[in-house]
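Me: I want to know what stands behind the labels put on this fold. Take me through them one at a time.

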Amino acid sequence: MRYKIEGDTLPVVICDLESGEAMITERGSMSWMSPNMKMETNTNGGLGKAFGRMFAGESMFQNRYTAEGGPGMIAFASSFPGSIRAFNITPGHSMIVQKSAFLASETGVELSVHFQKKLGAGFFGGEGFILQRLSGQGTAFVEIDGSAMEYTLGAGQSIVVDTGYLAAMEDSCTMEIVTVPGVKNVLFGGEGLFNTVVTGPGKVILQTMPISAVAGTLRPFFPSAK
């Protein structure tokens, strides 16, 4: 499989497949393709994995597109202004990504739910609780809201991230959701109740425009339902 990522504000990844090669994606993610790409919808691993994907914000079913009778082409476009990043997933090197970030991948990549260990903080921390794990073998494409900023953390080195701005991290990193200290900071600081602390070693990718932040900014401009 060869690919190229085109576009700026609303990018698309265009994949060129050899005969017999296949890609998997969530329902509705395919944008255009050559006529010889055959689509097959299934649970990709049984009902257990299907329910896990649903809990992680994805569809229970996945579409498998296979090039038949010769080389094929298929494209997957971003659903929100931002960027698309390609991750090389290998055994022992998984990626943890934000809920609903998965766009498409080679068939050797497995998508599953990843829980924040501290359940209490996770439930109240919003986006920080349920994440997605990409494991297995192959290239995976992930949507990032806005621009992507990458940091490499050393062992024990941490970064504090406003909830929702964490796009992805290597599975060697750990994360914890913590409350913002100080009553005045919580009431008047405008930064919410929780932050996410990511600790290395490993790479961390942050996003500059989470969908949740955009929704909060636009909410006052929409008329309330009566």
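This is a predicted model: local features need pLDDT of at least 70, side-chain atom pairs count only at pLDDT 80 or more; totals for chains, interfaces and linings use all residues.

Me: Why is Ile 211 called partly exposed?

Reply: Its relative accessibility is 43%. Buried means under 20%, and exposed means over 50%. The value falls in between, so Ile 211 counts as partly exposed. Ile 211 belongs to helix H4.

Me: What makes S18 a mostly covered strand?

Reply: Strand S18 spans residues 194-199, and six of its six residues are buried. Each of them therefore falls under 20% relative accessible area.

Me: How do you know that both faces of S18 are covered?

Reply: Take the two sides in turn. Phe 194, Thr 196 and Val 198 point to one side, and they are buried. Asn 195, Val 197 and Thr 199 point to the other, and they are buried too.

Me: How do you know that S15 and S18 pair?

Reply: Pairing needs at least two bridges. Strand S15 (residues 158-162) has five to S18, so the two count as paired. They run antiparallel. Ile 159 stands opposite Val 198.

Me: What makes S17 a partner of S18?

Reply: Six bridges join strand S17 (residues 174-179) to S18, in the antiparallel sense. The cut-off is at least two, so this pair qualifies. Met 175 has Val 198 as its bridge partner in S18.

Me: Why are S5 and S8 called edge strands?

Reply: Start with the sheet. Six strands form an open sheet, in the order S5-S6-S3-S10-S13-S8, with antiparallel pairing. Strand S5 (37-42) and strand S8 (82-89) each have a single partner strand, so one side of each has no neighbour in the sheet. Neighbouring strands here are turned by 20° against each other on average, direction ignored.

Me: How do you know that S3 and S10 pair within that sheet?

Reply: Three bridges join strand S3 (residues 22-26) to strand S10 (residues 102-106). At least two are needed, so the pair counts. The two strands run antiparallel. Thr 25 has Ala 104 in S10 as its bridge partner.

Me: What makes S1 and S4 the edges of the four-stranded sheet?

Reply: This open sheet has the order S1-S2-S7-S4, with antiparallel pairing. Strand S1 (2-6) and strand S4 (30-33) each pair on one side only. The twist averages 20° from one strand to the next.

Me: How do you know that S1 pairs with S2?

Reply: Five bridges join S1 to strand S2 (residues 12-17), and the two run antiparallel. The threshold is at least two bridges, so they pair. Ile 5 and Val 13 form one of the partner pairs.

Me: What is the volume of the largest cavity, and what makes it a cavity?

Reply: It holds about 30 Å³ of space. A 1.4 Å probe fits in a cavity but cannot get out. The structure holds one cavity of 30 Å³ or more.

Me: Which residue classes line that cavity?

Reply: Eight lining residues are nonpolar, one is polar and none is charged. Gln 98 is in the lining, and Gln counts as polar. The lining also includes Ile 96, Val 97, Leu 131 and Met 175. Strand S16 (166-170) gives the largest share, four residues.

Me: Which residues touch the most other members of the largest nonpolar core?

Reply: The core has 16 residues, and Phe 87, Ile 89, Val 97 and Leu 134 touch the most other members. S8, S9, strand S11 (109-115), strand S13 (138-145) and S16 each give two or more residues. S13 gives the most, with three. In soluble globular proteins, nonpolar side chains tend to be buried together.

Me: What lines the largest pocket, by class?

Reply: The lining has 11 nonpolar, 12 polar and four charged residues. The pocket volume is about 430 Å³. Of its 27 lining residues, Gln 98, Lys 99, Ser 100, Asp 145 and Ile 211 lie nearest the centre. Lys and Asp count as charged. S10, S13 and helix H4 (211-218) each supply at least two lining residues. The largest share, three residues, comes from S13.

Methods: Residues are numbered from 1 along each chain as its sequence is written. Side-chain values use heavy atoms; hydrogens and water are left out. Axes are lines fitted to C-alpha atoms, for helices over the stretch in contact, and angles run from 0 to 180 degrees between N-to-C directions. On a 1 Å grid over the protein atoms alone, a cavity is a set of points where a 1.4 Å probe fits but cannot get out, and a pocket is an open set with protein on both sides within 12 Å along at least five of seven lines; lining residues have an atom within 4 Å of a point. Grid points are joined across faces, edges and corners, and a volume is the space filled by probe spheres set on the points. A nonpolar core is a set of buried Ala, Val, Leu, Ile, Met, Phe, Trp, Tyr and Cys residues joined through side-chain atoms within 4.5 Å. Buried means under 20% relative accessible area, exposed over 50%, partly exposed in between (1.4 Å probe, protein chains only).
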